[in-house]
There are 2 protein chains.
Amino acid sequence: MTDSEATTAPDQASRADATRARLVEAAVSAFAERGFHGTTTRDIAAAAGMSPAALYVHHRSKEELLHQISRDAHQRTIDAMDAAIASTTSPVEQLRETMRVFAVHHARGRTGARIVNYELSALSPQHHAEIVELRIQIDQRMRDLVEAGIEQGVFDVPDPGLAATALLSLGVDIARWYRPDGSWTPEDVGEAYADLALRIVGARE
Amino acid sequence: MTDSEATTAPDQASRADATRARLVEAAVSAFAERGFHGTTTRDIAAAAGMSPAALYVHHRSKEELLHQISRDAHQRTIDAMDAAIASTTSPVEQLRETMRVFAVHHARGRTGARIVNYELSALSPQHHAEIVELRIQIDQRMRDLVEAGIEQGVFDVPDPGLAATALLSLGVDIARWYRPDGSWTPEDVGEAYADLALRIVGARE
């Protein structure tokens with residue numbers, strides 16, 4: 001291998017990564033503006049400053065782009081929840097921190113989160129099944145947190161399943177209503193929602 | 001006026017009403033399935049079993065249908081909240097009943113509610129302004145309820161504005177996650193969410 005080859009290969013890889021990132025960003029904007037069904041691959045290519053032919057090198061269809069956006073967003077959510085849960089052994093503090101990061105994540109990443117949550121049915125059956133599996137993991141983490149608090153006698157709520165659903169729902173819906181020019185920063189919402197989560201589960205402080 | 005005229009006019013009016021109702025129903029299904037931007041007036045006419053020309057007699061555009069769906073849904077929400085608020089003078093019972101009807105409304109009317117909440121930006125500027133005005137009235141009712149409880153010393157919550165936002169958000173997002181084949185009836189969700197609302201505002205029972 002010559003010196004020139006050794007430097008060219010990583011350069012090409014990082015150029016391809018940059019192109020893929022640009023396409024994902026263009027797809028998020030286009031889907032957010034006109035919905036998945038109202039968007040063409042031509043719209044996405046144009047928004048990324050590329051030809052439709054160049055887009056096909058990286059993604060065979062707009063559904064494949066939606067799948068990548070969806071898979072990455074759900075995996076980031078799972079990773080953030082896992083880090084929050086691992087940060088302490090107290091169910092009260094675990095729920096507080098999980099709700100905080102879940103809320104901040106949906107306020108900051110609101111455009112992508114709206115697409116991921118409203119366009120689920122546009123995924124192919126195979127991709128849909130894969131994303132549903134990730135969503136079950138997210139739901140399960142919230143439910144486990146609520147049930148751990150009840151088992152340890154620090155939470156008190158009549159229907160743990162519906163309480164976990166309400167907590168997830170509160171977080172997800174931030175992506176719909178949150179405006180960066182409104183009264184609250186994503187961190188303000190995160191702190192306040194962490195407290196509301198503890199109220200919902202009837203946490204003993 | 002002859003007897004025949006007297007009976008014909010109401011018959012024609014009720015036939016036109018029935019046609020309009022069929023078009024609204026077809027538009028809700030089409031928008032729910034393919035998004036506003038992915039739906040054509042031809043799709044809506046076909047779903048209602050009509051020709052595109054017959055649709056234009058009743059609605060000049062799909063935007064006009066979206067506007068009618070949106071206006072009616074928001075007005076029904078305001079009416080349901082007003083009835084709940086008028087049913088008692090206790091802030092605790094007013095909030096309990098308002099949250100209950102708001103939640104039941106979003107579980108039962110989930111398909112229309114999703115369209116109304118996710119396709120707001122597809123309305124014309126004039127229609128958008130009109131619907132935003134109705135939404136401000138809804139937000140204001142929830143906020144007034146929370147503040148009345150604080151003033152009377154029966155609610156305790158650090159940020160009443162964010163608590164009211166969370167209550168509205170919990171209700172609206174039911175339209176996204178609720179499934180009629182799941183564990184809960186709309187009434188189950190309504191009862192449970194009424195209790196969660198009182199927890200969120202720190203109500204003294």
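Predicted model: local features only at pLDDT ≥ 70, side-chain atom pairs only at ≥ 80, totals over all residues.
## Overall fold of chain A

Let us start with the single chain. Chain A is built from 9 helices and 0 strands, and its elements, read from the N terminus, run α-α-α-α-α-α-α-α-α. The C-alpha trace of chain A spans about 60 × 45 × 35 Å along its principal axes.

Chain A has 205 residues, and 39% of them are buried.

Where they touch, domain 1 of chain A contributes 13 residues and domain 2 of chain A contributes 12.

Which helices of domain 1 of chain A each supply at least two residues of the side that touches domain 2 of chain A? They are α1 (3–34) and α2 (41–47) of chain A. The largest share of that side comes from α1(A), with 6 residues. By class, the side of domain 1 of chain A that touches domain 2 of chain A holds 8 nonpolar, 4 polar and 1 charged residues.

## Helices α5 and α9 of chain A

Two packed helices are described by the angle between their axes and the distance between the axes. Here is one such pair to look at in the structure. Helix α5 of chain A (residues 91–108) packs against helix α9 of chain A (residues 186–200) at an angle of about 140°, and their axes are 8 Å apart. The crossing of α5(A) and α9(A) is right-handed.

On the α5(A) side, the contact includes V92(A), L95(A), M99(A), A103(A) and V104(A), along with R96(A), R100(A) and R108(A). Among the α9(A) residues that meet them are P186(A), V189(A), Y193(A), A194(A), A197(A) and L198(A), as well as E187(A) and E191(A). Sorted by class, the residues of this contact of α5(A) with α9(A) comprise 12 nonpolar, 1 polar and 5 charged.

## How chains A and B meet

Now for the pair of chains. A rotation of 180° with 0.0 Å of shift along its axis places chain A on chain B, with an RMSD of 0.0 Å. The two copies are therefore related as by a two-fold rotation axis. Which residue of chain A comes closest to the rotation axis? That residue is G38(A), whose C-alpha lies at 2.2 Å from the axis.

The contact between the chains draws 25 residues from chain A and 25 residues from chain B. On the side of chain A that touches chain B, α6 (110–118), α8 (160–177) and α9 of chain A are the elements that give two or more residues. Of these, α8(A) gives the most, with 10 residues. The side of chain A that touches chain B has 11 nonpolar, 9 polar and 5 charged residues. Since 100% of the interface residues of chain A are also interface residues in chain B, the copies meet through the same surface.

## A closer look at A21(B)

Finally, a single residue in the other chain. A21(B) sits in helix α1 of chain B (residues 3–34). Is A21(B) buried or exposed? A21(B) is exposed, because 11 other C-beta atoms lie within 10 Å, and a residue counts as exposed at 12 or fewer. From A21(B) to T88(B) there are 67 residues in sequence and 34 Å in space, C-alpha to C-alpha.

Key:
Residues numbered from 1 in each chain as written. Chains lettered and ligands numbered in written order. Axes fitted to C-alpha atoms, helices over the stretch in contact; angles between N-to-C directions. Helix = DSSP H or I, 4+ residues; strand = E, 2+ residues; numbered from the N terminus. Left-handed = near helix turned anticlockwise from the far one by under 90°. Contact = placed C-beta atoms within 7 Å. Nonpolar A, V, L, I, M, F, W, Y, C, P; charged D, E, K, R; others polar. Least-squares fit on C-alpha atoms with pLDDT ≥ 70 in both. Buried ≥ 20, exposed ≤ 12 C-beta atoms within 10 Å, placed from the backbone.
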